[in-house]
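Student: I should like to request a close look at a single part of this structure, with attention to backbone geometry and to the surroundings of that part.

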Amino acid sequence: MLILTRKPGEKIIILPDVTITVLALKGGQVRIGVTAPAEKRIYREEIYDQILDENRKAAEGAAIDSSLDQLSGSWMGGTKETPGAAAGDRDAGKRDDLRVQGKQGGVAANPSVFLKRKSVSSARDVERVGPPKKGGDTES
Amino acid sequence: MSEELNKQGDVLTFKSTRFGEFTVPVETVITIPSGVIGFPHTTKYVMLDHKHPFSWLHSIEDPNLAFVVVDGFEFGQQFDVKPPVGDKDTELKADDEYAILIIVTVRSDPRLTTANLKAPVFVNMRNRKGVQIIIDDPRYSTRFPLWTEESASSSDKS
């Protein structure tokens, strides 16, 4: 690891196009500004780790066909033919060609278990990770 | 990482520990240049049908690697995420069509199965390139439950 000591206001440049600015020190926290091209994906480490962990669990769990069939059997949401459920629905028909037609695995659905599609619009359904922050710059 | 690929003209063959061997048209391959987060070395996938609304995002390089996914548009208007226009992995332009794949964490108890709304995979339909983006927004959880505790008798309410 390259270790540099900075005072508030000082910067670090990572070529070709990233600049890190130490903005302020306050209450045991460092406020850091990152200037970089918009396509650079910049995340707090704990958020990145959270996603990494969840992806790994998802990859492991994707062997449990019986659960999927129970969920699928009672999915009440839109089908491919339903007009776009979301404002952002773009060409639902086109999305179908992401999938390969034909061979698939799976076992018969278990009809005794029911599932409702959950709408994100129902506030109680959405787990809140933390209160929204307010501020000028995009800040977390 | 050994690639179990055998290209013959327009098709390729890959192995799946879950489903056996597949032969698919080459143009169905989805490339995720940076990989799914945590899996940077596997960049090529194919989507396979499962029962609606689930599909498999199946690696064609690792026979054991597959993700259950749901179309992001199933979550309605409140799952309002902006596509990463300008992203280099997907070369996504403002007028490109795109798909959103949400990775599902399946558990042996179906009631605990969840969808990761915080890290959707955007796929540029023009070039079939994808990228997983983290949405740092408190509205969206890595574990959005797909199950709701409602009795069978109320199943016809929406």
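In which sense do strand 8 of chain B and strand 10 of chain B pair, and over how many bridges?

Tutor: The model is a predicted one. In it, strand 8 of chain B and strand 10 of chain B pair in the antiparallel sense, and the pairing extends over four bridges. Within strand 10 of chain B, Val121(B) has Leu101(B) standing opposite. Strand 10 of chain B is also joined to strand 11 of chain B, again by four bridges, and these two strands run antiparallel. Here the bridge partner of Val123(B) is Gly130(B), a residue of strand 11 of chain B. In general, the strands of a sheet pair through backbone hydrogen bonds, in either a parallel or an antiparallel manner.

The side chains of strand 10 of chain B may be considered next. Both faces of the strand are covered: Val121(B) and Val123(B) on one side are buried, as are Phe122(B) and Asn124(B) on the other.

The connection to strand 11 of chain B has a backbone feature of its own. Strand 10 and strand 11 of chain B form a hairpin with four residues between the strands, and in this hairpin Arg128(B) takes a positive phi near 55°. Arg128(B) is located in the loop between strand 10 (121-124) and strand 11 (129-132) of chain B. Most residues other than glycine have a negative phi, and most peptide bonds are trans. Arg128(B) counts as buried because its relative accessibility is 13%, below the cut-off of 20%.

Glu91(B) belongs to the loop between strand 7 (66-71) and strand 8 (98-105) of chain B. With a relative accessibility of 38%, Glu91(B) counts as partly exposed.

Cis peptide bonds form a related topic. In chain B, the bond from His52(B) to Pro53(B) is cis, with omega near 5°. Pro53(B) lies in the loop between strand 5 (44-49) and strand 6 (54-59) of chain B. In chain A, a cis peptide bond joins Leu15(A) and Pro16(A), with omega about 5°. The position of Pro16(A) is in the loop between strand 1 (11-14) and strand 2 (18-26) of chain A.

Those two strands of chain A belong to an open sheet of three strands, in the order 1-2-3, with antiparallel pairing. Its edge strands are strand 1 and strand 3 (29-35) of chain A, each of which pairs on one side only. From one strand to the next, the twist averages 25°. Strand 2 and strand 3 of chain A pair over seven bridges in the antiparallel sense. Opposite Thr21(A) stands Gly33(A), in strand 3 of chain A.

What covers the buried residues of helix 1 of chain A includes strand 7, strand 8, strand 9 (114-115) and strand 11 of chain B. Among the buried residues of helix 1 of chain A are Ile47(A), Ile51(A), Leu52(A), Asn55(A) and Ala58(A). The 17 residues of this helix (residues 45-61) should span 24 Å at 1.5 Å a residue, and the end C-alpha atoms are 24 Å apart, which agrees.

A search of the whole structure finds ten aromatic pairs over all chains. In one of them, Phe19(B) and Trp56(B) are edge-to-face, at 5.4 Å centre to centre and with 75° between the planes. This pair links distant parts of the chain, 37 residues apart: Phe19(B) is in the loop between strand 2 (11-16) and strand 3 (20-25) of chain B, and Trp56(B) is in strand 6 of chain B. Both Phe19(B) and Trp56(B) are buried. Another pair, Phe39(B) and Phe67(B), is edge-to-face because the ring centres are 5.5 Å apart and the planes lie at 80°. Phe39(B) lies in the loop between strand 4 (30-31) and strand 5 of chain B, whereas Phe67(B) lies in strand 7 of chain B, so the pair ties together parts 28 residues apart in sequence. Phe39(B) and Phe67(B) are both buried. Finally, one aromatic cluster is formed by Phe14(B), Phe19(B), Phe22(B) and Trp56(B).

Conventions: Residues are numbered from 1 along each chain as its sequence is written. Chains are lettered from A and ligands numbered from 1 in the order in which they are written. This is a predicted model: local features need pLDDT of at least 70, side-chain atom pairs count only at pLDDT 80 or more; totals for chains, interfaces and linings use all residues. Side-chain values use heavy atoms; hydrogens and water are left out. Buried means under 20% relative accessible area, exposed over 50%, partly exposed in between (1.4 Å probe, protein chains only). Two strands pair if DSSP finds at least two bridges between them. Rings of Phe, Tyr and Trp (its six-membered ring) pair if their centres lie within 6.5 Å; planes under 30 degrees apart count as stacked, over 60 as edge-to-face and the rest as tilted. The expected span of a helix is 1.5 Å times one less than its number of residues. Contact means heavy atoms within 4.5 Å. Axes are lines fitted to C-alpha atoms, for helices over the stretch in contact, and angles run from 0 to 180 degrees between N-to-C directions.
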